[in-house]
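Open the model in your viewer and follow the stops below. Each stop gives a selection and what to look for.

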Amino acid sequence: MPEIRGEKIWLDGKLVDWDDARVHVLTHTLHYGVGVFEGIRGYKTDDGRSALFRLGDHVQRLEQSAKINLMEMPYTQNEISTAILETLKANHLEEGYVRPIAFLGEGAMGLYPADNPVRVAIIAWPWGAYLGEEGMERGIRAKVSTFSRHHVNAKLTKGKTCGDYVNSILAKREAVLDGYDEAVMLDTQGLVSECTGENIFLVNDGQLRTPQLPTILGGITRNSIMQVALDKGMEVVEAPITRDELYIADEVFLTGTAAEVTPIREIDRRTVGSGARGPIAKLLQKAFFSIVSGNEPKYERWLTYF
Ligand SMILES: *Cc1c(COP(=O)(O)O)cnc(C)c1O
């Protein structure tokens with residue numbers, strides 16, 4: 001993996017040199033994980049410009065994640081959006097991944113973060129297919145994790161909270177060390193929830209099904225793919241999925257800002273469908289990339305040019 005290194009990072013209101021974007025070891029979030037982040041992608045559009053995908057929705061979710069965690073954002077959503085655009089420009093990026101993060105700085109060291117400041121950083125870097133180009137075309141191999149998704153009243157599922165990703169990383173490492181690409185996580189009742197940082201869909205007889213919102217993070221990519229599928233006349237339902245339903249589905253794929261639309265070709269050593277990217281996943285991938293390339297006037301509202 002290439003080293004991530006750009007020119008500038010936005011930190012607490014201003015652009016600083018990449019190497020100067022440092023924090024103290026007493027940063028509260030480093031110890032206890034109360035911080036929130038987003039992942040946003042920018043794409044080159046076919047007319048030679050560049051656009052962020054659903055910027056407003058991501059910035060809104062960042063603020064909601066902060067609210068869930070009783071963190072008061074020191075910047076408005078408009079200020080964050082402007083800062084994201086400035087960060088991309090300062091790094092001369094035409095496409096890539098943007099990572100805004102809000103975290104608790106130094107101050108109290110106990111679990112009660114009295115007046116520790118809420119600090120914000122925005123980092124941007126080039127990032128290709130999260131699960132590999134080959135995974136996008138052939139599909140990836142997944143295993144159902146031995147780790148459950150957090151109970152909804154343990155992890156509050158609607159925020160992208162730093163500390164919650166310990167659970168995702170336990171599952172991701174287990175999967176990769178066992179020779180798989182990704183983990184499918186079940187909720188505490190044993191129903192399919194989502195992957196470590198992606199939502200999951202199955203396809204049967206042309207109908208799409210994805211788990212309901214309670215135990216999952218309602219992804220912006222999930223929402224986009226649902227809208228596109230509905231617009232294409234497909235049936236889309238949010239309903240429970242059991243582990244074995246994944247084994248016998250025609251197709252399974254996952255969605256996320258990082259993973260975009262990635263097919264799953266095998267789960268727990270059972271071949272899914274034909275064992276390759278299925279026609280619906282292929283069609284939705286194509287639609288997704290056409291949208292982010294600026295070729296679909298109907299979804300132009302999802303793009304913020306920069
Ligand atoms: C970020 C994330 C997703 C995908 O959300 P997008 O808005 O599509 O990027 C799904 N599940 C989890 C746990 C996530 O953290």
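Start with R61: one of its polar side-chain atoms lies 2.8 Å from a ligand oxygen, a polar contact (a pair of N or O atoms within 3.5 Å). This is a predicted model, in which local features need pLDDT of at least 70, side-chain atom pairs count only at pLDDT 80 or more, and totals for chains, interfaces and linings use all residues. Residues are numbered from 1 along each chain as its sequence is written, and side-chain values use heavy atoms, without hydrogens and water.

Next, select K160. A polar side-chain atom of K160 lies 2.8 Å from an oxygen atom of the ligand. Move to I220, where a backbone N or O atom lies 2.7 Å from a ligand oxygen. On its own the ligand has 380 Å² of accessible area (Shrake-Rupley method, 1.4 Å probe). The protein covers 96% of that area.

Finally, zoom out to the protein chain. Its C-alpha trace spans about 55 × 50 × 30 Å along the principal axes.

Technical notes: Polar contact = N/O pair within 3.5 Å; in protein donor to acceptor, adjacent residues only side chain to side chain.
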